[in-house]
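Visitor: Hello! I am new to protein structures and would like to learn how to read one. Could we look at an example together?

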Amino acid sequence: MNFIDLRSDTVTHPTPEMRTAMANAPVGDDVYGEDPTVNQLEAEAAAMFGMEAGLFVTSGTQGNLVALLTHAPRGSEIIAGDKAHIVLYEQAGMAALGGIMPRTLQVQDDGTLLLHEIEAAIREDNEHFPRTKLISIENTQGTVGSVPLSPEYTQQVADLAHRRELKLHIDGARIFNAATAFNVSPAEIIAGADSLTFCLSKGLGAPAGSILLGSKEFIKEAHRNRKILGGGMRQTGVLASAGLIAIQKMTQRLHEDHANAADLAEKLKDVPDVKMLSQHTSFVFFQLEDSAKLSPAEFTTAMRRHNILLSPYPGYERKFRAVLHYWITPERVDAVVAAMKQVLG
């Protein structure tokens, strides 16, 4: 690409191998369950995570909403983080379309919810209260810097949920980044969870789609909820073929993104008027200091003249997020740092 785009890992295009696979994908009618490529993707994804079954959905938002509708009847309550994607960035779909109420807990700096606070938030069986049905956690936890949650923590939340006869759903948009960070298998990183949504279209490079995983019984009901949300697609093996390459091959190179992110974070320490805030997995957060000669808007414009795309993090005027992905090579990291020194020097 002519631009070095650090705004997100959603900006990538399908790889050449994906484009070839998409052109030649065997297809059928997925609503009838007859698309062989979709069926293969769902089966392989389920096997990777040690789950019984999978469901191809249009997006992570749809996958999360389908999961919540399946786990939690109308009028019930779920426990989630106050900075969770399902709470902040999914347009209150659980409430608007599912009649589900979120009970939010503070997300800690390490991305976790405190176990004792989860326990305290579970409703008693009382006619005045909604029934708690589900605990949802996010891995990696994007809003605090794409912090990965450990398998041990996830298992603790799962044990708590099951002891209280609840389910655990993981919004795992970047779950493979978490597995890479802890050097464990996909199945290990979701230890004990009842369902998982993960994205094919972020750091894995596919053009669209996510996967929802769970038990056969859960996925059978989730299939109905996908339908009512308009998610029944037809010859969608064209997209699923790219998803297969995403999970088979692109997951194996995420350590490169993490290394490049760590390299960028270290080199930003030498850029004038830039304060490094955090680096986890493929995310780097930094702040433009008040002493900088350029405003955030001017800095963004100046970087664009160098063919580098950055934007302030929503809600924070001087805070920036740089997301590393397969377009961002070590050479491009150096180009970004050199351009920043030039425009801010």
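Visitor: In which strand is the place of Gln279?

Guide: Welcome! This is a predicted model. Gln279 belongs to strand β9, which covers residues 274-280.

Visitor: Is Gln279 buried, partly exposed or exposed?

Guide: We read this from relative accessible area: buried means under 20%, and exposed means over 50%. Gln279 has a value of 26%, so it counts as partly exposed.

Visitor: Which residues is Gln279 in contact with, leaving aside its neighbours within four places in sequence?

Guide: They are His258, Ala261, Ala262, Ala265 and Val284. The side chain of Gln279 also reaches the backbone oxygen of Thr281, at 3.0 Å. For a sense of distance, take His128: between the C-alpha atoms of Gln279 and His128 there are 44 Å in space, and the two are 151 residues apart in sequence.

Visitor: You mentioned Val284. What stands opposite Val284 in β12?

Guide: That is Ala322. Strand β10 (residues 283-288) pairs with β12 in the antiparallel sense, over five bridges.

Visitor: Why is β12 described as largely enclosed by the rest of the structure?

Guide: Count its buried residues. Strand β12 spans residues 319-323, and five of the five are buried, so the rest of the structure largely encloses this strand.

Visitor: How do I read a whole sheet? In what order do the seven strands of the open sheet come?

Guide: Follow the pairing from strand to strand. Here the order is β2-β8-β7-β6-β5-β3-β4, with mixed pairing. The edge strands, β2 (53-57) and β4 (101-105), each pair on one side only. From one strand to the next, the twist averages 20°. Helix α10 (residues 216-228) packs on this sheet and touches β2, β7 and β8; the helix direction makes about 20° with that of β2.

Visitor: How many bridges join β3 to β5?

Guide: Three, and these two strands run parallel.

Visitor: Now for a loop. Where is the place of Asp29?

Guide: Asp29 sits in the loop between α1 (16-24) and α2 (36-48). Its relative accessibility is 15%, so Asp29 counts as buried.

Visitor: Which side chain does the side chain of Asp29 make a polar contact with?

Guide: With that of Arg234, at 3.1 Å. A polar atom of the Asp29 side chain also lies 3.0 Å from the backbone nitrogen of Val31.

Terms used: Residues numbered from 1 in each chain as written. Predicted model: local features only at pLDDT ≥ 70, side-chain atom pairs only at ≥ 80, totals over all residues. Heavy atoms only, no water. Buried < 20%, exposed > 50% of the residue type's maximum accessible area, 1.4 Å probe, protein only. Helix = DSSP H or I, 4+ residues; strand = E, 2+ residues; numbered from the N terminus. Pairing = 2+ DSSP bridges. Axes fitted to C-alpha atoms, helices over the stretch in contact; angles between N-to-C directions. Contact = heavy atoms within 4.5 Å. Polar contact = N/O pair within 3.5 Å; in protein donor to acceptor, adjacent residues only side chain to side chain.
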